[in-house]
Amino acid sequence: MRVHVSSCMKVQEQMANCPKFVPVVPTSQPIPSAVPNRSTFTCPYCGARNLDQQELVKHCVDNHRSDPNRVVCPICSAMPWGDPSYKSANFLQHLLHRHKFSYDTFVDYSIDEEAAFQAALALSLSEN
């Protein structure tokens, strides 16, 4: 499906015409600083901001395909296990291979590694 979406002009035109999220009213509520933003990212090449995972991949493929600079993956560095100092040797290939899906679908950030392991083990045993 993702391959089709990325190559189908009709789908891309429809997506371009979709309204973007805009808050209904301004809020005085502060954005929690203790919760890392894992929804939008900044391009490590040019600093373009507020790109979701798919937009970051498309932006980098469209605009930075031939950039040889080693950069830190903003998606990985936002994850609990991410290393904010690790620079990918080939960032575009990293994006295309490592970030084909959203971690939010598969990861519970509120539990630690041992709890996640135990939960996976219990689920595996219950399926048999």
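**Figure 1. Six helices and two strands make up the secondary structure of this protein.** The model shown here and in the views that follow is predicted. Along the sequence, the elements come in the pattern α-α-α-β-α-β-α-α. The protein has 128 residues, and 23% of them count as buried. Its accessible surface comes to about 10000 Å², with 58% of that belonging to carbon and sulfur atoms. If we take the contacts between residues at least 6 apart in sequence, 42% join residues at least 24 apart.

**Figure 2. A close-up of the largest nonpolar core, which has 18 residues.** The members that touch the most other members are Cys43, Tyr45, Leu56, Cys60, Ile75, Phe91 and Leu95. Two or more residues of this core come from each of α3 (53-63), α4 (74-77) and α5 (91-98). The element that gives the most is α3, with four residues.

**Figure 3. Here we look at the surroundings of Leu95.** Leaving aside residues up to four places away in sequence, Leu95 touches Leu56, Val57, Cys60, Ile75 and Lys100.

**Figure 4. The buried residues of α5 are Phe91, Leu92, His94 and Leu95.** These residues cover an arc of only 160° around the axis, so they lie on the same side of α5. As a reminder, an α-helix has 3.6 residues a turn, so residues three or four places apart point the same way. The partners that the buried residues of α5 pack against are α3, β1 (71-72), α4 and β2 (87-88).

**Figure 5. A view of cysteines in a structure that holds zero disulfides.** Cys60 is in no disulfide, and the nearest cysteine sulfur, that of Cys43, is 4.1 Å away. Cys60 is also buried, with a relative accessible area of 0%. Like Cys60, which is buried, Cys73 is buried, here with a relative accessible area of 4%.

Notes
Residues numbered from 1 in each chain as written. Predicted model: local features only at pLDDT ≥ 70, side-chain atom pairs only at ≥ 80, totals over all residues. Heavy atoms only, no water. Core = buried A, V, L, I, M, F, W, Y, C linked by side-chain atoms within 4.5 Å. Buried < 20%, exposed > 50% of the residue type's maximum accessible area, 1.4 Å probe, protein only. Contact = heavy atoms within 4.5 Å. Disulfide = S-S within 2.5 Å. Areas by Shrake-Rupley, 256 points an atom, 1.4 Å probe, with all protein chains shown as cover. Arc of directions from axis to C-beta.
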